[in-house]
Amino acid sequence: FTPEVFIDQELHTGSGGLGVVSGDFLRSSHKLGLSVIGVTILPRQGYYDQCIDNGLMKINYVNRYYDGILERTGIKFTVDICSSPVWVELWRLPEGKFGAAQTLFLDADIDPNDHVSRLNTLQLYGGSRDSGANLERKITQSLLLARGGIEALKRLNISVSKYHGNESYTAFVPIELLCESLKEGKSFREAVEYAKSRFVFT
């Protein structure tokens, strides 16, 4: 699980060092034949594009679509965000594409989501201050990554032995595992131990 990933220049789904590390991890996993699947969001506008205009840096937001690069899985589902359902469409980078492991992308910029719900994955880290980013949107993006990613793996019938999260943006993943355990009837202590045994963090 990672909020961003650099796999190829055709995919504007990263902004910096964490994206490079995530992309290298997925390429190395494929090269070594490891059973690894990447899970991230699909930021329609990436972080932002930079240009120089009259000697000043300008920021542009460009909508990008990846038909022909990413595969439609045909899977859509809702994720509860602040007691409101947010629709998520699941896209997939197939195994071996750009020399990387299979990677799942969560897209909330779809119908029937309202404008606010679409912003949940429109830009990396909720975007810049110029585009109205705030702390709530960044937290919401992390929550969608965790809940949506776990649900996506279930919808694809993928059995997970261990969840791996990159940085604090994935902190909701073990919390979701804990909540699922509580719903199954485990005690709080048992649920904590279960989440700890299933999640590793870097």
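This briefing describes a pocket, a helix pair, selected residues and backbone features of one structure.

The structure is a predicted model, in which local features need pLDDT of at least 70 and side-chain atom pairs count only at pLDDT 80 or more, while totals for chains, interfaces and linings use all residues. Residues are numbered from 1 along each chain as its sequence is written, and side-chain values use heavy atoms, with hydrogens and water left out. Helices (H or I, at least four residues) and strands (E, at least two) are DSSP runs numbered from the N terminus. The largest pocket has a volume of about 450 Å³, and helix 2 and helix 3 have axes that cross at roughly 75 degrees.

**Largest pocket**

- Rolling a probe the size of a water molecule over the atoms shows where empty space is left.
- A pocket is defined on a 1 Å grid over the protein atoms alone, as an open set of points where a 1.4 Å probe fits, with protein on both sides within 12 Å along at least five of seven lines. Grid points are joined across faces, edges and corners, and the volume is the space filled by probe spheres set on the points.
- The volume of the largest pocket is about 450 Å³. Of its 22 lining residues, Val36, Ile37, Gly38, Lys162 and His164 are the closest to the centre; a lining residue has an atom within 4 Å of a point.
- Helix 1 (17–32), strand 1 (38–41) and strand 7 (163–165) are the elements that give two or more residues to this lining.
- The lining of the largest pocket comprises eleven nonpolar, ten polar and one charged residues. In this classification Ala, Val, Leu, Ile, Met, Phe, Trp, Tyr, Cys and Pro are nonpolar, Asp, Glu, Lys and Arg are charged, and the others, Gly among them, are polar.

- Leu26 belongs to helix 1 and is buried, because its relative accessibility is 5%. Buried means under 20% relative accessible area, exposed over 50%, and partly exposed in between, with a 1.4 Å probe and protein chains only.
- Beyond residues up to four places away in sequence, Leu26 touches Val5, Ile7, Val36, Ile37, Gly38, Ala100, Ala101 and Thr103; contact means heavy atoms within 4.5 Å.
- Leu26 and Leu143 are 117 residues apart in sequence and 22 Å apart in space, C-alpha to C-alpha.
- Tyr163 is located in strand 7 and counts as buried, because its relative accessibility is 8%.
- Apart from neighbours within four places in sequence, the contacts of Tyr163 are Phe1, Ile150, Leu153, Val173, Leu177, Arg198, Phe199 and Val200.
- Between Tyr163 and Phe201 there are 38 residues of sequence separation and 8.5 Å in space, C-alpha to C-alpha.

**Helix 2 and helix 3**

- Two packed helices are described by the angle between their axes and the distance between the axes.
- The axes of helix 2 (residues 115–122) and helix 3 come within 9 Å and cross at roughly 75 degrees. Helix 2 is therefore roughly perpendicular to helix 3. Axes are lines fitted to C-alpha atoms, for helices over the stretch in contact, and angles run from 0 to 180 degrees between N-to-C directions. Angles of 65 to 115 degrees count as roughly perpendicular.
- Leu119, Asn120 and Thr121 of helix 2 meet Arg137, Thr140, Gln141 and Leu144 of helix 3. By class, this contact has two nonpolar, four polar and one charged residues.
- Thr140, in helix 3 (residues 135–155), is buried, with a relative accessible area of 12%. Not counting residues up to four places away in sequence, Thr140 touches Ile81 and Asn120.
- Buried residues in helix 2 are Ser117, Leu119, Asn120, Thr121 and Leu122. Their cover includes strand 1, strand 5 (84–93), strand 6 (103–107) and helix 3.

**Backbone features in loops**

- Most residues other than glycine have a negative phi, and most peptide bonds are trans.
- Asp111 and Pro112 are joined by a cis peptide bond, with omega about 5 degrees. Pro112 lies in the loop between strand 6 and helix 2.
- Phe98 has a positive phi, near 60 degrees, and sits in the loop between strand 5 and strand 6. Phe98 is partly exposed, at 24% relative accessibility.
- Glu167 has a positive phi, near 65 degrees, and is found in the loop between strand 7 and helix 4 (172–183). Glu167 is partly exposed, at 36% relative accessibility.

Conventions. Parallel < 35°, antiparallel > 145°, perpendicular 65-115°, else oblique.
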